[in-house]
Amino acid sequence: MKHSAWAVVALAVSTTLVTAACGSSTTSAPTSSPTSSPTSTSTNTAAATGAKTLGCMVTDTGGINDRSFNASSWAGMQAAATANPNVTVKYLQSTTQSDYTPNINTFIGEHCNIIVTVGFLMGAATEAAAKANPTQKFAIVDCSYASGCLTGAHEPNIDQLVYNTVQDGFLGGYLAAGMTKTGKVATFGGIELPTVTIYMDGYWDGVQYYNSKHGTHVQVLGWNEQTQKGSFTGDFTNQTKGQTLTQTFISEGADIIFPVAGNVGLGAAKAVQSADQAAGGDKVNMMWVDVDGCVSATTYCNYFITSVEKGIVPSVKAVVLSVSNGTFQGGSYVGTLANGGAVLSPFHTFAAKIPGSLQRELTQIATGISNGSIPTATKSPVT
């Protein structure tokens, strides 16, 4: 099925890729908690007439305001409600993994027309519910049969929303290699999951590609695509761990950090901020993940060279609308550079700091990745 692209995730360095996207939505991730109770909320955008659609979302443990895929998924739900006044959306928040199944069952009992679950860790609970309730429509963000997140027979009532982030991760690594002053960059993950390591694979390979083109020897701390060994904090919430690990990377000489760890990345941003303040200048920078960090974590925007994004908002919006208009088919959507589903964000305050020659190289590489002439290796494929 086809999904529209999110305007704020258009690849800033490539007009070609922006125009290749299938459409646009101006909705961005929420910056504050929705009103109502702390665990559940609903949105009615207008007094609707005709057939009604109830879209329900279960968050992962990072919470609705994780500045990452939960927040983006909820923004997609809200965008669907804005686009069609017959759509009402609500969510339940999971505090621990043991909340997944009860929350899903609550929504089944409320006769939701579609239940959207968020994240790799929700795969088993979603799959079990879909099998037990074959007439209930589901969509899951960042999870697929190909990635091993879903493991049984393909359930036709699940729509898999996945993003080939090895592609924009590759661009992020190439950019980092072109911007480093120390010759060392770093990345780390939250939990060691394929949807995390696919980013890190792309980042590592992008650095190697830069080295091969420029005769440089930029090192990547925190991950090796070939050995699949690296650094992880073990969760997506503990900012102190992110700050401590980033401080270690900085002490080892890394001056560009790429955390793939949701809210843990805010700890990395704090460490980058502290390092720059101590140096009295622009010593260390970083890249954000999943969404545009300058939108979701504005306090640290001046430290974000770019963000390596997923087009979560348009894909969630589209699957909810597919239920309301009767076109839901299950299967899978794969976000790529070419369709706007896996892109670099605008450069914001770094637009004038990134050399024009490097920006032109990124455009050329993006084209090569999209047409297949530049392969992007990963041991965590989404298809």
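A search of the whole predicted model finds 2 cavities of 30 Å³ or more.

**View 1. The largest cavity and its lining.** This cavity has a volume of about 150 Å³. Its lining consists of 18 residues, and those nearest the centre are F69, D142, T195, V196 and F236. By class, 10 of the lining residues are nonpolar, 4 are polar and 4 are charged. Helix 6 and strand 12 (285-290) each contribute at least two residues to the lining. The largest share, 3 residues, is that of helix 6.

**View 2. The second largest cavity and its lining.** About 50 Å³ of space lies here. The residues that line the second largest cavity are D60, T61, G62, D66, F69, N70, F236, G262 and N263. Of these, 2 are nonpolar, 5 polar and 2 charged.

**View 3. I198 in helix 6.** The helix spans residues 194-214. I198 has a relative accessibility of 2% and therefore counts as buried, the cut-off being under 20%. Leaving out residues up to four places away in sequence, I198 touches Y163, N164, T165, V166, T378, S380 and V382. One of these contacts, Y163, is 35 residues from I198 in sequence, with a C-alpha to C-alpha distance of 9.7 Å.

**View 4. Q160 in strand 6.** The strand covers residues 158-163. Q160 is buried, because its relative accessible area is 8%, which is under 20%. Apart from neighbours within four places in sequence, Q160 is in contact with I140, C143, S144, Y145 and L150, as well as with G331, S332 and Y333.

Definitions and conventions
Residues are numbered from 1 along each chain as its sequence is written. This is a predicted model: local features need pLDDT of at least 70, side-chain atom pairs count only at pLDDT 80 or more; totals for chains, interfaces and linings use all residues. Side-chain values use heavy atoms; hydrogens and water are left out. Helices (H or I, at least four residues) and strands (E, at least two) are DSSP runs, numbered from the N terminus. Buried means under 20% relative accessible area, exposed over 50%, partly exposed in between (1.4 Å probe, protein chains only). Contact means heavy atoms within 4.5 Å. On a 1 Å grid over the protein atoms alone, a cavity is a set of points where a 1.4 Å probe fits but cannot get out, and a pocket is an open set with protein on both sides within 12 Å along at least five of seven lines; lining residues have an atom within 4 Å of a point. Grid points are joined across faces, edges and corners, and a volume is the space filled by probe spheres set on the points. Ala, Val, Leu, Ile, Met, Phe, Trp, Tyr, Cys and Pro count as nonpolar, Asp, Glu, Lys and Arg as charged, and the others, Gly among them, as polar.
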